[in-house]
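Hi there,

Here is the structure I promised to pass on. My notes on it follow below.

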Amino acid sequence: MFDQSKIGQSFPSFTYQVERCKIHELNLAIGDENPIYHSKEAAQAAGYPDVPASPTTPTTFQFWGNPDFVKHLMAIGVNVMRIIHGEEEYEYLAPIYAGDVLTGVTTLVDGKSRQSKDGSSMDILTLETRYTNQKGQEVLKARQVLIVR
Amino acid sequence: MTTEAKLPTKRYFEDVQVGDEIPQLVKAPVTHLQLVRYAGASGDFNPLHTDPKIGEMLGIGGIIAHGMLIMGFLGQLLSDYVGPTALRKFGVRFKSMTRLDDVITCSGTITEKYEADGEACIAGKIQAVDQNGDVKASGTFVAALPKRGGE
């Protein structure tokens with residue numbers, strides 16, 4: 001049973017420098033060969049100041065920028081070995097480019113327990129991470145739903 | 001993978017109509033090497049995605065792809081359609097596991113056109129299915145497009 005008193009709790013903030021090479025590497029893995037993700041020159045030729053973050057680049061902010069994320073989840077009583085990624089949603093508030101320095105704060109915005117079909121209990125957690133850039137501008141809201149069986 | 005690299009096409013609000021289909025994106029079969037690459041790139045090193053022994057142990061029969069890789073395919077679909085900085089919202093729900101050799105096809109439909117906060121927006125639904133038609137992920141997006149003569 002998930003401890004409802006943890007709802008509203010934020011984890012310590014983290015900082016992440018958006019790397020050109022990381023955007024290149026992620027899109028190489030996805031198989032997106034659009035040159036704007038692989039070369040600063042191509043990005044600039046297309047009118048961008050530098051390599052832009054591709055739609056799912058924010059996943060690198062979380063995993064590389066916040067290596068303590070798993071520890072924070074454990075601290076609120078989540079069995080991290082039993083997590084299933086249920087949903088992911090991004091709200092893009094301003095463009096993000098290589099070289100930007102982002103600060104992220106993750107908050108547990110919802111948590112509830114449900115009976116699954118086989119009668120066992122599962123917890124459904126919603127986490128929201130808000131990212132601000134080096135100019136203090138809010139650039140991204142990332143929401144994820146994690147199912148803990 | 002296609003070898004033909006392309007810049008995103010400039011798409012105007014007036015060019016898009018409710019009911020339009022987004023050009024389909026058919027990805028190459030998912031490979032083990034791709035999942036290893038994706039783990040390193042994303043930083044998600046959960047061995048469920050890279051170590052076949054863990055998959056066997058958990059009784060899910062081998063390794064499964066990162067859900068975020070499938071969302072990445074859908075991101076490519078949208079990036080090809082409107083470019084990366086036009087997106088305002090993009091969300092998916094993960095429906096089933098993707099395995100090695102699965103061939104993922106991404107598609108989408110425009111469901112709405114409206115103006116909000118001084119921006120001309122399109123909204124649509126998207127999904128990723130495998131070679132058997134099983135839905136892996138589905139969701140929605142919103143993008144802001146330029147208007148003709150508006151620049």
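Helix α3 of chain A (58-65) is largely enclosed by the rest of the structure, because 7 of its 8 residues are buried (20 or more other C-beta atoms within 10 Å of a residue's own, with C-beta atoms placed from the backbone). Those buried are P58(A), T59(A), T60(A), F61(A), Q62(A), F63(A) and G65(A).

A word on the source: this is a predicted model, where local features need pLDDT of at least 70 and side-chain atom pairs count only at pLDDT 80 or more, while totals for chains, interfaces and linings use all residues. Residues are numbered from 1 along each chain as its sequence is written, and chains are lettered from A in the order in which they are written. Helices (H or I, at least four residues) and strands (E, at least two) are DSSP runs, numbered from the N terminus.

Now the interface: 31 residues of chain A are in contact with 35 of chain B (C-beta atoms, placed from the backbone, within 7 Å). On the chain A side, β2(A) gives the largest share, 8 residues. That strand pairs with β2 of chain B (residues 87-94) in the antiparallel sense over 5 bridges (pairing takes at least two DSSP bridges), and Y90(A) stands opposite F90(B).

The helices α1(A) and α1(B) pack with their axes 8 Å apart, at an angle of about 155 degrees (axes are lines fitted to C-alpha atoms over the stretch in contact, and angles run from 0 to 180 degrees between N-to-C directions). They are therefore roughly antiparallel (over 145 degrees).

Enjoy exploring!

Conventions:
Two residues are in contact if their C-beta atoms, placed from the backbone, lie within 7 Å. A residue is buried if 20 or more other C-beta atoms lie within 10 Å of its own, exposed if 12 or fewer, and partly exposed in between; C-beta atoms are placed from the backbone. Angles under 35 degrees count as roughly parallel, over 145 as roughly antiparallel, 65 to 115 as roughly perpendicular and the rest as oblique.
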